[in-house]
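Here is a short report on a protein model.

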Amino acid sequence: MGMNETETRTRTIGREIFARIDRSGPTPLTKAWLDDRLMGVGTHDPALKVQLFRFVDTLPYLKTTDEITRHLAEYLREAERDLPWWVRAGLKVMPRGGPLGGLLAFAARTGARQMARRFIAGSDVPEVTAAVRRLRAQRMAFTIDLLGEATITEAEADHVQKQYHDLLAGLTHEAVGWSDDPVIDHDDRGPVPRVNVSVKLSALYSQFDPIDPDGTSRAVLNRLRPILRAAKAGGAFVNFDMEQHAFKDVTLRIFKDVLTEPDFHDWPHVGIAMQAYLTDTAADLDALMRWARDERKCRVTVRLVKGAYWDYETVIAAQNDWPVPVFTRKWQSDASFERATEFLLDHSDWLVPAFGSHNVRSMAHAMAAAEARGLDPRRYEFQMLYGMADPLRDAVRSLGYRVRVYTPYGQLLPGMAYLVRRLLENSSNDSFLRASFADGAAEDELLQDPADGRREPTGSGSNTSGEFHMPVAAHQPAHAGRSPFRNEPPTDFSREESRKAMRDALAAVRTQLGRTYPAVVGGQSLPVVKTIDRANPSRTPELVGRTAAASVADANAAVAAALAAFDAWRDTPIADRAALLLRVADQFRRRRFELAAWIVLETGKPWREADADVAEAIDFCTFYAAEAVKLHSPHHRDVAGEDNVTFYEPRGVAVVIAPWNFPLAILTGMTAAAVVTGNPAVMKPAEQSGVVAAKLMECFAAAGAPPGVVNFLPGDGEEIGPTLVNHPDVAVIAFTGSLKVGLIIHEQAARTPVGHGFVKRVIAEMGGKNAVIVDADADLDEAVKGVADSAFGYAGQKCSAGSRAIVLDGIYDQFLARLVEATRSMTVAPADQPGASLGPVIDAEARDRIRAAIERGETEARLAYEADLGPLADQGTFVGPTIFADVPETAWVAQEEIFGPVLSVIRAKNLDDAIRIANGTKYALTGGVFSRSPEHIAAVKRRFRVGNLYVNRKCTGALVDRQPFGGFKLSGIGSKAGGPDYLLQFVLPRTVTENQLRRGFAPETGTVE
Ligand SMILES: Cc1cc2nc3c(=O)[nH]c(=O)nc-3n(C[C@H](O)[C@H](O)[C@H](O)COP(=O)(O)OP(=O)(O)OC[C@H]3O[C@@H](n4cnc5c(N)ncnc54)[C@H](O)[C@@H]3O)c2cc1C
């Protein structure tokens, strides 16, 4: 049979399937059924749909009638514009409490529970066993999936493992009594296991992270092997589910590794899901087939699906400016599914096909293509989701095929995420089910060859040609014209080439350790008299390098060199000054992994954060280059006979005093801002990050910075700091660091001696004692992870770190218990190890100071968790993550910046109380809130006064331009770094007015530009 015959046959089979389904009756997923339900209302109103699904997602967390009715009203109000008039009217009189409110809450709960029951087969082993018994009675095979919340603690991973054991034990015991069914219990090779379970690998390890495939694989396998052994012994089948794209390679690796082990290499009853919406699926399938055939020499099953994470993948790619890993048009995924179908059918000796789809065209094509190859229909099977399209399932079964139903079970609470995914899938514009059942599309249209979608004019009304809409922020168009700036994409460490580049860079940098870096003044290296040693804080015996310890004379020389360069640099065209920054950014890009490796070794930053530091340094250069060009276009305001122009000019010599915690980014940012606006700079890096600073100096030199425009002055702050700050020729001081030093600088710089020609400008970013509010309805998976990341990322050594968690009474105990376990599960390790969740603190002095702070905290609050460091304690300057609970809001640990991995958890009575406590420090830098109440979120946005507020995400990791960074109160006196007004601080405005009227005669006025 040729291609066309397969196509003809596909349509014939498709029509046959449709003939067996009643598309109009009151069966689930018909229009009537959908319209009856929330889901039906939402299907045609995207805004309302989002709000209703959010409500359903939150519902299990809501305990009282008042909470339920309040949330329902809030969510509906968010979508008010799209509501039918009668719902809008009802909203106004909606009861909060009382019997009517109680009734409403009851109806909402019952409705959601009913919906959940449609897709979730039961909440425990006996219930799910009863469900599979019912399925078998309908002559359906099954695979059981265990629903769970995100595994963020090792205790949870242990629990998942135990549940799989219980499930396997319960089912295999039960299965013995089942009578044999020739269709579902046999394929063309013989009996197939009756018990079949599906496993998500990320549920088996709380720190599952593709940046560390070795560590992840080891931990997953420790929990997976016993499950596989039990399954094999009990004659069950195990399928590996596929999750997001970032997890794919490590999932495939674990699958291949474990199934070539002696215990499992000849076991055919294993399978893996492969997603046809990924552009790399064809290559992955080919590699998998070769592995099964040539290495393992034993078949495995492939469950071919299109993929369940399409929205997530496109959003993540857009946010990070990464290539989109999925096809972006629906027909492409459908066509890819068909190509993969044919590949599996061609290699079914090694890859046993299981087609997971509810798309009649996709299934009919598989049947026709198998026929064309003369394959026994028992060679492959169809798989569908429990409750998704029962009539379809019955139709395929009635054609004599083996149908397996993917049957999830679990508690309602963790099950909600699954339920919402199914609701979204059913109501998506691109869904085949929606097109067939709710929208009643014509059969011919539904059955057309997906490859024809290419020729389909857009907007033809076809639901199967699927337009791709890249998710964009609602406000995008308003900003689109403002800035052509794009953030430098972070490195995607789920890719092996990125990990290899980082490993290679670390190895290369390790061959260059121990060098000495001189001060560079006026383009010349100064002789090194004294030095500062810098040890790797992860492994203190390792000397990273030495920088010169500049003297007071060196400091004076640096200021003199900068001053000497000032006039020429001021008069250099802005385009040339901006071009210098772009060349520096190019240097960073070229040396990206090398610079990140230096950061890892010198400052103990884990890989991802070291990489982000380099990316941010690139951003500062490219952003300030573009902003400076804008700033320096003169402002004309001419009238008849009078020309007026306002423009900016640099202030003079800038001293840049930078911290070690963003060793490249902050030093680059402040220096780049000074230099691009025409101020020659003297860079004084922190003693703890002088080597990275020396690398920055190399980049400026390689980019062609004229002598004296950028000077590098490493040294002891106490020794040369006062010289720089008090120097009469210094016009601007840009400082980032502690409050204490910031205030001293501010005070010293404010003194303007008699005879001194100008007032100094100080730009200071100082500390923070940032709070994250956790509302009673917060998504705990997100809140626990968000708080832990905010508090312990880079061992809490960020001014943006969230060091206070203010938790509402209703969720306090639950939150704290999970937070402690999640923190216990984090990996404290040397920063050069990719699996490190957190590395060391910067040096011994910091370690001792943080330890003293912890001791002081113990006198004020309950120590809920302190990590045991074991041998690490002697290897480097480590402090484990530490949590204080029940902390009084005014306690010292809750008020003072500790700059280490120490978190205070504070109980709040209600939201007002939480906001009051959050605002109750001398700082106002960053803050966060986790809440699912639109009104609470609005209140926090209005009343929690900080420079950078983050809603439902961690409170660290600001990006240039996207989140201009900086705070007020005692957190800072300047305006935001990486924002549109930052450069203004480095310049002085001048206005020139010229009278053009001579003897009553003036040229025509008009702006020159
Ligand atoms: C038994 C079973 C097991 C499953 N296991 C997994 C699993 O392990 N991992 C997993 O990820 N999913 C899994 N799924 C879910 C599955 O991915 C979705 O149910 C499936 O994608 C829906 O496809 P369909 O053929 O039923 O419907 P269709 O309506 O034909 O296809 C919908 C799918 O098309 C794709 N799509 C939608 N819009 C676009 C667009 N604009 N551009 C490109 N592609 C688009 C998406 O993948 C979407 O889900 C499983 C499904 C079943 C039935």
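## The second largest pocket

Helix 29 gives the largest share of the lining of the second largest pocket, 6 residues. Helices (H or I, at least four residues) and strands (E, at least two) are DSSP runs, numbered from the N terminus. The model is predicted: local features need pLDDT of at least 70, side-chain atom pairs count only at pLDDT 80 or more, and totals for chains, interfaces and linings use all residues. Residues are numbered from 1 along each chain as its sequence is written, and side-chain values use heavy atoms, with hydrogens and water left out.

The second largest pocket holds about 1,500 Å³ of space. A pocket is an open set of points on a 1 Å grid over the protein atoms alone, where a 1.4 Å probe fits, with protein on both sides within 12 Å along at least five of seven lines; lining residues have an atom within 4 Å of a point. The volume is the space filled by probe spheres set on the points, which are joined across faces, edges and corners. Of its 43 lining residues, Trp660, Gly737, Ser738, Lys740 and Val741 are closest to the centre. Helix 28 (717–726), strand 21 (730–736), helix 29 (739–750) and helix 32 (844–858) each give two or more residues to this lining. By class, the lining has 24 nonpolar, 9 polar and 10 charged residues. Ala, Val, Leu, Ile, Met, Phe, Trp, Tyr, Cys and Pro count as nonpolar, Asp, Glu, Lys and Arg as charged, and the others, Gly among them, as polar.

## The ligand site

Ligand oxygen atoms lie 2.8 Å from a polar side-chain atom of lysine 306, 2.6 Å from a polar backbone atom of glycine 307 and 2.9 Å from a side-chain N or O atom of lysine 330. The protein covers 94% of the 940 Å² of accessible area that the ligand has on its own (Shrake-Rupley method, 1.4 Å probe).

Aspartate 188 sits in the loop between strand 2 (186–187) and strand 3 (190–191). Its relative accessibility is 26%, so aspartate 188 counts as partly exposed. Buried means under 20% relative accessible area, exposed over 50%, partly exposed in between (1.4 Å probe, protein chains only).

In helix 16 (residues 390–398), the buried residues include Pro391, Leu392 and Arg393. Glycine 400 follows helix 16, with a positive phi near 100 degrees.

Definitions and conventions: Polar contact = N/O pair within 3.5 Å; in protein donor to acceptor, adjacent residues only side chain to side chain.
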